[in-house]
Amino acid sequence: MKRWTKLFTPLTALVMSLAFFMLTGQKLSAAGKALNVMIDVEVASLDPQIATDGTSFEVIRQLVDGLYGLDADGMYRPNIAKSVEKSPDGLKYTFKLADEAVWSNGTPVTAHDFVFAWRRLVDPKTASEYNFIMETAGVKNAQAITKGELAPTELGVKALDDKTLEVVLDVPVPYFESLMFFPPFFPVNEKFYNEAGGNFGTSAATYLSNGMFVLSEYEPAATSFKLVKNEKYYKKDKVALSGINYQVIKDSQQAVLSYQNGDIDVMTLHGEQAEQFVDDPEFIKVQRGYLWYISPNLKTKGLDNLNIRKAMAQAFDKKAVVEIILKDGSLVADYNVPVRLAIGPDGKDFRETSPTYNSYDVAAAKKNWEAGLKELGVKELKFSMVVEDTESAQNVAQFLQEQLQTNLPGLTITLEVMPKKNRLLRMQNGEYELGLTRWGPDYADPMTYLDMWITDSPYNYGKYSNPAYDAMIVDAKKGKLATDINARWEELKKAEKISADDVVIMPIYQNSDAALVKSNIKGMAYHLMGGRVYKDVVKE
């Protein structure tokens with residue numbers, strides 16, 4: 001679904017970037033210092049309504065401000081929205097936008113920019129994989145529009161004036177405001193977008209920022225690119241960095257050498273490197289919300305058998321994955337909804353009052369495996385597993401391959417290693433058997449995981465379909481349960497049990513970030529949702 005209609009040569013990109021800065025009045029800021037950041041995968045898209053991966057979202061958040069932002073404690077606070085009024089019934093939000101907020105070409109940020117972006121997100125012509133998130137947010141008519149039953153202009157969002165945005169919901173949504181920090185809800189200037197045409201977001205010259213930084217150097221799938229301070233940002237005095245230099249480094253040894261040479265200031269560690277630096281004063285460890293798992297394609301012969309899926313989910317040692325392979329503080333995941341994601345009406349974490357599922361149990365795995373083979377009338381099964389080409393993903397995949405083949409006699413797993421973008425495309429198209437993948441939370445509610453597995457979800461890669469499950473999720477979103485927070489919470493626990501009992505996914509671990517951050521870098525913030533935040537960073 002993500003297509004680049006035109007690729008630029010480095011010279012073309014440089015010329016267009018210089019033209020962009022001349023036309024918009026931007027200049028490279030000499031104030032402060034630039035932060036050098038390692039990422040281990042390429043950016044897939046900088047288009048807020050098209051991007052789907054965590055790396056792309058991180059970079060977009062440095063370039064574009066939404067209605068809300070994260071504070072130092074990871075709490076959602078109004079950002080471009082200087083104030084918000086909520087109706088007593090929770091169905092209408094009225095946002096007042098900051099008068100001083102402008103785009104990097106000097107054009108004011110208006111309510112119309114949000115209306116354009118939101119309508120574009122749900123428009124079937126956009127083919128956004130994240131169009132479902134508007135329905136998740138409860139915005140009026142979102143589902144009918146994505147299905148092509150209503151025009152995008154019928155979406156429950158409108159500009160009352162240039163600086164007043166009104167949003168109407170179908171049902172009250174308790175996590176609605178937390179979604180306003182999520183990039184698909186970020187604004188896009190309609191005039192600029194139309195002028196950029198199919199090249200929007202593919203270079204500095206075809207991107208418009210209203211946030212802390214602007215693109216200086218960029219082209220699709222670049223292994224390095226630069227952001228510089230946005231001199232037109234209305235809160236620029238609070239931004240200490242002169243920019244961010246991103247480098248894609250997939251090999252951990254190379255990353256460590258770059259860090260030790262002073263070429264990067266912030267890097268992620270895995271495996272032996274994490275263990276090697278655990279006592280280093282620049283080492284940090286932060287719990288994240290990403291859940292890594294194997295996604296089985298239920299359209300594949302053999303994986304359509306529940307006992308086979310159960311056997312595979314129980315046949316690998318998750319503790320060994322986190323303690324021997326990763327060594328970064330990641331947690332064993334015997335669940336489909338992560339730890340510390342959301343607090344219920346009882347004031348407790350979702351996991352605290354929910355059981356665990358599909359734990360490592362070789363005896364149970366062998367029993368289920370034998371039952372599955374008998375039901376299928378076969379003695380052996382062969383599956384391929386798509387894996388992205390990062391070092392940590394390959395290490396985990398190789399361990400899983402060995403465990404599954406050893407503990408389940410007659411099973412053969414072949415690994416197919418490829419760039420993340422290719423792996424995602426294969427899974428999105430259903431052209432895979434097993435996929436090693438992850439999901440990060442979009443908002444602080446179990447629904448951010450549970451609604452992935454409804455029949456028509458674009459992230460239901462394995463094509464699981466259960467009408468009873470679908471009905472539960474719909475009811476919790478906009479049925480009678482939507483307004484009964486206690487009953488809804490209990491229903492979400494039941495939904496997780498169904499997804500776990502049906503082995504929709506085979507959970508492995510909930511990741512932590514083990515990282516090195518130079519001692520002269522102050523104010524780095526890592527959050528369970530939203531990833532790394534650089535707005536308060538100072539490089540001394």
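Reader: Is the crossing of α10 and α12 left-handed or right-handed?

Author: The crossing of α10 and α12 is left-handed, a term for a near helix turned anticlockwise from the far one by less than a right angle, clockwise being right-handed. This is a predicted model, in which local features need pLDDT of at least 70 and side-chain atom pairs count only at pLDDT 80 or more, while totals for chains, interfaces and linings use all residues. Residues are numbered from 1 along each chain as its sequence is written, and side-chain values use heavy atoms, with hydrogens and water left out.

Reader: At what angle do the axes of α10 and α12 cross?

Author: An axis is a line fitted to C-alpha atoms, for helices over the stretch in contact, and angles run from 0 to 180 degrees between N-to-C directions. Here the axes of α10 (residues 306-314) and α12 (residues 362-376) cross at roughly 155° and come within 7 Å; both are helices, which are DSSP runs of H or I with at least four residues, as strands are E runs of at least two, numbered from the N terminus. The two are therefore roughly antiparallel to each other, on a scale where under 35 degrees is roughly parallel, over 145 roughly antiparallel, 65 to 115 roughly perpendicular and the rest oblique.

Reader: Which residues of α10 meet α12?

Author: On the α10 side they are Asn307, Ile308, Lys310, Ala311 and Gln314, and their partners in α12 include Val362, Ala365, Trp369, Leu373 and Leu376, where contact means heavy atoms within 4.5 Å. By class, the contact of α10 with α12 holds nine nonpolar, four polar and two charged residues, with Ala, Val, Leu, Ile, Met, Phe, Trp, Tyr, Cys and Pro taken as nonpolar, Asp, Glu, Lys and Arg as charged, and the others, Gly among them, as polar.

Reader: How do α16 and α17 pack, and at what angle?

Author: α16 (467-478) packs against α17 (residues 485-501) at about 155°, with the axes 10 Å apart, and that makes α16 roughly antiparallel to α17. The crossing of this pair is left-handed. From α16 the contact uses Tyr469, Met472, Ile473 and Ala476, and from α17 it uses residues including Arg488, Glu491, Leu492 and Ile498. Seven nonpolar, one polar and three charged residues make up the contact of α16 with α17.

Reader: At what angle do α11 and α13 pack?

Author: α11 (residues 318-326) and α13 pack at about 135°, with their axes 11 Å apart, and that makes α11 oblique to α13. The crossing of α11 past α13 is right-handed. Ala320, Val321, Ile325 and Leu326 of α11 meet Asn395, Val396, Phe399 and Leu400 of α13, a contact with seven nonpolar, one polar and no charged residues.

Reader: How many cavities does the structure hold?

Author: There are five cavities of 30 Å³ or more. On a 1 Å grid over the protein atoms alone, a cavity is a set of points where a 1.4 Å probe fits but cannot get out, a pocket is an open set with protein on both sides within 12 Å along at least five of seven lines, and lining residues have an atom within 4 Å of a point. The largest cavity has a volume of about 860 Å³, a volume being the space filled by probe spheres set on the points, which are joined across faces, edges and corners. Of its 50 lining residues, Gly54, Thr55, Tyr290, Lys420 and Arg438 lie nearest the centre. Elements that give two or more residues to this lining include α13 (391-407), α14 (420-428) and β12 (283-296), and the largest share, five residues, comes from α2. The lining of the largest cavity divides into 22 nonpolar, 15 polar and 13 charged residues.

Reader: What volume does the largest pocket have?

Author: The largest pocket has a volume of about 590 Å³. Among its 27 lining residues, Asn131, Phe132, Asp456, Ser457 and Pro458 are the closest to its centre, and α4, α5, α14 and α16 each give two or more residues to the lining. Eleven of the residues that line the largest pocket are nonpolar, eight polar and eight charged.
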